[in-house]
Amino acid sequence: MGHRLSKQNEKNHQLPARKGSLKPENGSKYVDCTNHNYFEPLDDEELHRLQAQHFLLRLIQHGNFNVPLKKTLSLGNTKVLDVGCGSGTWILDMATDYPQSSFTGLDMSTLFPTQIRPVNVSFIQQNVLEGLAASDNTFDFIHQRFLSGSFTTSQWEKIVIPELTRVVKHEGWIELVENDAMLENVGTVGKRLCDGLIQVFQKRNMDGMIAKRLPSILESTNMYSEISKVETEVPLGKWAGDIGLLALKDMTAFFSAIKHQMVEEMQISFSEFDGLLAEFTQEVEEFKTIRRIHCIYAKKSHVA
Ligand SMILES: C[S@@+](CC[C@H](N)C(=O)[O-])C[C@H]1O[C@@H](n2cnc3c(N)ncnc32)[C@H](O)[C@@H]1O
């Protein structure tokens, strides 16, 4: 007797996989390392989503960062690192705003520009989980945004925060920006999707609500002072005008990008998932759904 497909696979096995996505299909032209747990696609669609998301967030957050370094960056000779820089859009934008300072984008993938870039910008391909190549106390400012789907909770505590702490200078600043996987003001469909997303994280020993833990992880290093937090509510839907519409487009693009992982956890078919996503875009208008972003920043005040 042949191998019996599960009910879900029976429904899904003939549907096309998203081209170029990293997992579960493999074969992304943008990444060659395997020692990582990132589950989102790394392809042209994702590159464009990250670029658009950057400019949307800059608008909503009234700028690109919260650490008190505007003057220092303008004066120059300030070294900035963006960890998991993706498309490199944050770095390129910052490098334009502060031409006297120098900017390095680091990512395990090469979604960032590999040919042409401003003179004060460099990009390096590196896997954070293998440790950073930079020497101790190198950067004045380290920024890291949306890597909750990249590290397990234990990796945050044992590798990522210790490595960032090692390479940031004494008196330098670190800024971590993360989303809550659970959206707020959701109806039944939004709740179902978010529960599915949280399960996708949990299955990989990741925390979709990692932002809540970051201040205490930073504190536990005994290296930081002035640990601060800024929260931003991103409205999803046309109830919030053009910004809301763009943010909703970004959110649904994100859910679509991880469709394979979502249907597996939710035990539904691709078409059921598409139906839920369509309902979600209606539901947000009734409930005025929001996505919460946390920015946690702190100053390295102690010497190791
Ligand atoms: C959601 S994207 C965020 C990109 C960018 N920070 C932004 O805000 O647009 C996450 C990025 O983290 C990178 N990444 C995941 N795991 C990594 C690792 N272990 N080392 C370095 N980069 C990693 C991915 O390649 C991807 O570009």
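**Exercise 1. Decide whether strand E4 (residues 139-145) is enclosed or open, and identify the strands that pair with E4.**

Step 1. Strands (E, at least two residues) and helices (H or I, at least four) are DSSP runs, numbered from the N terminus. A residue is buried if 20 or more other C-beta atoms lie within 10 Å of its own, exposed if 12 or fewer, and partly exposed in between, with C-beta atoms placed from the backbone.

Step 2. Seven of the seven residues of E4 are buried, so the strand is largely enclosed by the rest of the structure.

Step 3. The model is a predicted one: local features need pLDDT of at least 70, side-chain atom pairs count only at pLDDT 80 or more, and totals for chains, interfaces and linings use all residues. Residues are numbered from 1 along each chain as its sequence is written.

Step 4. Two strands pair if DSSP finds at least two bridges between them. Strand E1 (residues 79-83) and E4 run parallel, joined by four bridges; here aspartate 82 has histidine 143 of E4 as its bridge partner. E4 and E5 also run parallel, with six bridges, and isoleucine 142 is bridged to isoleucine 174 in E5.

**Exercise 2. Describe the largest nonpolar core and the contacts of isoleucine 174.**

Step 1. A nonpolar core is a set of buried Ala, Val, Leu, Ile, Met, Phe, Trp, Tyr and Cys residues joined through C-beta atoms within 7 Å. The largest has 77 residues, and Ile142, Leu164 and Ile174 have the most contacts inside it. Strand E7 (residues 290-300) supplies the largest share of this core, six residues.

Step 2. Two residues are in contact if their C-beta atoms, placed from the backbone, lie within 7 Å. Leaving out residues up to four places away in sequence, isoleucine 174 touches Ile142, Leu164, Val168, Tyr297, Ala298 and Lys300.

**Exercise 3. Characterise the shell around the ligand.**

Step 1. A residue is near the molecule if its C-beta atom, placed from the backbone, lies within 6 Å of it. The ligand is surrounded by 20 residues, the closest being Gly84, Gly86, Met108, Arg145 and Ser150.

Step 2. Ala, Val, Leu, Ile, Met, Phe, Trp, Tyr, Cys and Pro count as nonpolar, Asp, Glu, Lys and Arg as charged, and the others, Gly among them, as polar. The shell divides into eleven nonpolar, seven polar and two charged residues.

**Exercise 4. Locate lysine 288 and list the residues it touches.**

Step 1. Lysine 288 lies in the loop between H10 and E7. With 15 other C-beta atoms within 10 Å, lysine 288 is partly exposed.

Step 2. Not counting residues up to four places away in sequence, lysine 288 touches Asn185 and Trp239. From lysine 288 to serine 225 the C-alpha separation is 36 Å, at 63 residues apart in sequence.
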